[in-house]
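Please keep the view open while reading.

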Amino acid sequence: MSQKKKSTNNKSDKTEVSLPPSGFKVAVREIWRDKIALTAFIIICLILIFTFGGSLFLKKSQVTEINIAEAYYGWGQAGHIFGTDDGGRDIFKLLIMGGRNSILIGLSVTAIDETLGLLIGLIAGYFGGTTDAIIMRIVDFVQILPQFPIIIVLTTVVPNYNAFVLVILMAMFYWTTTARLFRSFVLSQRGRDYVLASKTSGSSDWRIMFHEVLPNITSMLIIDVVLTVAGNIGIETSLSFLGYGLPITTPSLGTLIGFANDPANVVARPWLWVPATVLLLLISMNVNYVGRALQRAGDARQREN
Amino acid sequence: MWKTVLRRFLIMIPQLIILSMLVFLLAKMMPGDPFTGMINPNSDAKEIARLRQVYGLNDHWWVQYCRWVGNMFHGDLGQSYIQHVPVASLIWDRAVNTFWLSLLTVLLTYAIAIPMGITAGRHQDEWQDQAIQVFNYITFAVPGFVFYILGIWLFSFTLGWFPISGSVSASASGFWGVLGSRLYHMILPAILYALITTTTIVQYLRTGIVDNKVEDYVRTARSKGVPENVVFNKHILRNSVLPIVAFLGNTITGLLSGSMIIESVFSYPGMGKLFLDSISQRDYTTLTALILLFGILTLLGNLISDILLSIVDPRIRVK
């Protein structure tokens, strides 16, 4: 079935255009077509402008400065739109910085995980045999670890703990799903004619892997990146929510939502946790929607061909 | 069949050994040693050094590792630094609570997911399917803890239908009283938890039904004149539901890693809460034992999944 897919694909490419559209172009086109996905994408852009743009005007030391005299102001009191927290910090400013930090952590972890996963998946899938067997045993092992508890413990025992360490800790454990995904795809490609032809004509393994197999992965990569970013933001905020994600001095959406962990705040002081909850909901719903839309488009294209 | 199970068991042994080494390493990275909890501030340095010598803390790491594993086999998980009770009994009390919560969650998960998956698959692309897809999308996209917070805020704080913390109220007495109180405390977390867990199963079941609908054997059955109902219930459904069974192991694994968050939101005294409490109190012996336990349970969950899968799908058995 998949073999057929490829050959018809090639034929239509020859008759219509000389080059198949790149994964990135396809992604842009798909989002443009799907109006809900386009709306979701615009919302994401607005959130990015709000958090990244907004934090340009803020100083971290100022935002996290404690001023007990102004603690627990409600909505709109004394010029604080979303009130203040137990330390008199402005929730609106914390929201901007927290949003930016959570998104940044999500992006950084994803960048590392996708690079690692792609490399490892390519190597395992392309070479197969013993290389694959060894790599997959390691992947299996990392996957059966109780990752969440181990990360929590590590955040407390690592000396000089900071946001950078958190990124490394998360990346250490969550690259395996990506590696597995790409490995299975590459495995299905290694017997294809274009790979064999390239091999016969004397291309190096390196060249086949990065110049011939890799371009076929791009649209899959984009989908995986989008969904992984959403997933990683979820993991970071969960960790921060429990109190073991970003250090207390670094604002995060999870830390803000964590205020709801104290029954006293849930009903009496909603301004502490509601704005962050709404922002996080907006981020995860929209990013996931775009990811899903791309995924559906990818599936549909595969079915059509 | 038995070959597959045996092979799977054999794979588990090295995994278990490496896991225990990793946990041991993690334990060594944590500050403090077993005497931090036993000695009082007045004990002098010489005494501590003597105790360390007696209990073999100056031995090679591998000697210590073997002794640690040996103790584990005797059920000796060490002494809690903070609570001054054996870790095993501490964990046991909490494990019972987590067990009941997980059991109820698994039951609810399947009770919700299977009808939903079947409806979605049967009425593919109709309004029922679209509604379920939207619901499924929400449970997939919303991070678990946000879902729980919104749930506890709405149902416990605002509407006051359910308790906000605990597992059994102290005033409950008698078998039915305790059972009722337990259920009353568990029902909201279990429902919320189950809703989050259903996503994969619903999706898998729906895809299975949709794919099976157009298979040749279904067409054959139809062309033989088998009634549509029988085609759906006997042919399509049976082939689509069986693989779901294999998710059981993964569901258990997922429940364990998620138990920390749900138990924290609902202040439910289970293993996840014990883990978080131990970490904030720096109770490292309890932590080490819990991580090892989580690891072993994850391993077992995967084992169960693989065995179930090989039962329902003979193709993946080892020849």
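A:D140 is buried, at 19% relative accessibility. Buried means under 20% relative accessible area, exposed over 50%, and partly exposed in between (1.4 Å probe, protein chains only). The partner of A:D140 is A:R180, and their side chains meet in a salt bridge (2.4 Å, N to O). A:D140 lies in helix 6 of chain A and A:R180 in helix 9 (residues 176-189), so the pair ties together parts that are 40 residues apart in sequence. A:R180 is partly exposed, at 32% relative accessibility. A:R137 joins A:D140 and A:R180 in a network of salt bridges.

The model is predicted: local features need pLDDT of at least 70, side-chain atom pairs count only at pLDDT 80 or more, and totals for chains, interfaces and linings use all residues. Residues are numbered from 1 along each chain as its sequence is written, chains are lettered from A and ligands numbered from 1 in the order in which they are written, and side-chain values use heavy atoms, with hydrogens and water left out.

**Salt bridges**

A salt bridge here is a side-chain nitrogen of Lys or Arg within 4 Å of a carboxyl oxygen of Asp or Glu. Over all chains, the structure holds eight salt bridges. Side chains of opposite charge can pair when their charged atoms come close.

In chain B, B:D129 forms a salt bridge with B:R206, with the closest N and O atoms 2.9 Å apart. B:D129 sits in helix 5 and B:R206 in helix 7 (residues 174-213) of chain B, so this pair ties together parts that are 77 residues apart in sequence. B:D129 is buried, at 1% relative accessibility. B:R206 is buried too, with a relative accessible area of 14%.

B:D216 and B:R219 also meet through their side chains in a salt bridge (3.2 Å, N to O). They are three residues apart in helix 8 (residues 216-223) of chain B, and therefore separated by about one helical turn. B:D216 is exposed, at 52% relative accessibility. B:R219 is exposed, at 56%.

The table gathers the accessibility of these residues.

| Residue | Relative accessibility | Class |
|---|---|---|
| A:D140 | 19% | buried |
| A:R180 | 32% | partly exposed |
| B:D129 | 1% | buried |
| B:R206 | 14% | buried |
| B:D216 | 52% | exposed |
| B:R219 | 56% | exposed |

**The interface**

The size of an interface is often given as the accessible area lost when the parts come together. Buried area is the accessible area (1.4 Å probe) that two parts lose on being put together, summed over both. Between chain A and chain B it is about 3,400 Å², and carbon and sulfur atoms give 81% of that. Helix 6 (129-144), helix 7 (147-157), helix 11 (205-242), helix 13 (263-268) and helix 14 (270-304) of chain A each supply at least two residues of the side that touches chain B. Helix 14 of chain A gives the largest share of that side, ten residues.

The contact (heavy atoms within 4.5 Å) takes 36 residues from chain A and 39 residues from chain B.

**Chain B**

Chain B has twelve helices and zero strands. Helices (H or I, at least four residues) and strands (E, at least two) are DSSP runs, numbered from the N terminus. The C-alpha trace of chain B spans about 90 × 55 × 40 Å along its principal axes. Of the 319 residues of chain B, 44% count as buried. Among contacts in chain B between residues at least 6 apart in sequence, 72% join residues at least 24 apart.

Two loop residues have a positive phi. B:D125 has a phi of about 70° although it is not a glycine. B:D125 is in the loop between helix 4 (87-122) and helix 5 (127-141) of chain B. B:D125 is exposed, at 54% relative accessibility. B:S267, also not a glycine, has a positive phi of about 40°. B:S267 is in the loop between helix 10 (247-265) and helix 11 (271-280) of chain B. B:S267 is partly exposed, with a relative accessible area of 34%.
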